[in-house]
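Okay, everyone, thanks for coming. Let me put the thing on the screen and we'll go through it.

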Amino acid sequence: MNALAKLKTLTPSVNQIVRTYALKSDLKIKWVRPEKIPCYKPEKSGDLQSLPMFAGTELMKDYRDSKELETANEHVRNLFTIQHNRRREMVENFKEDMVRRVYRHELDYGSIEAQLGLMTARIRSLQDYMEKFPRQSVVKVQLKELIDKRKRFLRYLRRWDYRRFEYMLEKLDLVYKPYPTHFHWITRKDSLRKLTNIHCDQIKETRLEEYRRQLESQQLDFLENKLKTLEFIRKEQTECQVPVTVTSDEIKAVRKQYEELKQKRAAAAESLKEPEDS
C-alpha cells in the first residue's frame, strides 16, 4: 500500500497539464532589472555639465568693483574671496555666469532666457548638494519642482521659437528630454517577451545567412549544369527539327555569368593565399 501511495503522488493525474517545454533551465535569455535612475539626476534632467569648481580666489559679487580692495593687504583681500565665505557666494557667482551667457542686456533678469539661466544654475547647485546629502527630502522636492518648471519653459520655447530653443540648449549645455507620450511599467514578463522576439530574430538571421552561403557555394556548379542543359536542349531541338525554345542569347548570358563568377572566385582565392604566403 505504501508503494502504491508513492506511485500515485509521483505520477500526475489525467486532468493535470504537465509543462515540458520552455523551462527556465532551457532558456538562454537572461533578464536583469534595469537600475532605477532618480528624476533629479543629470541623466534624467538633461544637464551635460555639473557645478564647476571655482578657483576660490575670485572676489564676491558685491566687492568686485571695490577700489579699497585693490590697494588692500593680501590677508584682507582673502577675506572677501569665495573660498573664505559661504557656499552660497559661489552659487551666486555661478548664477551670474549662467545669466551672462544668455541675457539680452546687462540688467536683464526677467526674460525667459535669464530665468532659464538662473534655474539651470540653481538645479546644478542642488544636484551637487544631493550628491553629498542624498537623504535631504526637502531639497529633493525643490529640485524636482525646478526641473519640471524648466521643462515647461523649454517646451514653450520649442513650440513658439525653435531657434531660441536651440540657442538656449547650446549655451546652457542642456539636452531636452520631454515627457513620454505614454507610460508603462517595466515588468519581467514584458521584457522577456521582447528579449524572446529579439532572440528569435537573431536565430532567423543566422539561419538565413547560413542558407545564403550554402546557395552561393552551389552557384557555380548550378550555372555549369544550366549551361550544359541549355546547349543540349538547343542541339536536340535543331536536330529533331522542332521549334527552338532556347535562344543563343540566353546561352551567351548564362556563359557570361558563369565566367564572371568563376573569375571572382579565383580572385578571392588568390587574395586569401597572399596573407598566408607573407
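So, Met98, Arg101 and Val102 in helix H4 meet Tyr167, Met168, Lys171 and Leu172 in helix H7, where contact means heavy atoms within 4.5 Å. Helices here are DSSP runs of H or I with at least four residues, numbered from the N terminus. By class, that contact has five nonpolar, no polar and two charged residues; Ala, Val, Leu, Ile, Met, Phe, Trp, Tyr, Cys and Pro count as nonpolar, Asp, Glu, Lys and Arg as charged, and the others, Gly among them, as polar.

Quick caveat: this is a predicted model, with local features needing pLDDT of at least 70 and side-chain atom pairs pLDDT 80 or more, while totals for chains, interfaces and linings use all residues. Numbering starts from 1 along each chain as its sequence is written, and side-chain values use heavy atoms, leaving out hydrogens and water.

Back to the helices: H4 (residues 87-102) and H7 (residues 162-172) pack at about 145 degrees, axes 10 Å apart. Axes are lines fitted to C-alpha atoms over the stretch in contact, and angles run from 0 to 180 degrees between N-to-C directions.

Now, how much space lies in the largest cavity? About 50 Å³, as the space filled by probe spheres set on grid points joined across faces, edges and corners. A cavity is a set of points on a 1 Å grid over the protein atoms alone where a 1.4 Å probe fits but cannot get out, and lining residues have an atom within 4 Å of a point. Helix H6 (residues 137-160) gives the most to that lining, three residues.

Key:
On a 1 Å grid over the protein atoms alone, a cavity is a set of points where a 1.4 Å probe fits but cannot get out, and a pocket is an open set with protein on both sides within 12 Å along at least five of seven lines; lining residues have an atom within 4 Å of a point. Helices (H or I, at least four residues) and strands (E, at least two) are DSSP runs, numbered from the N terminus.
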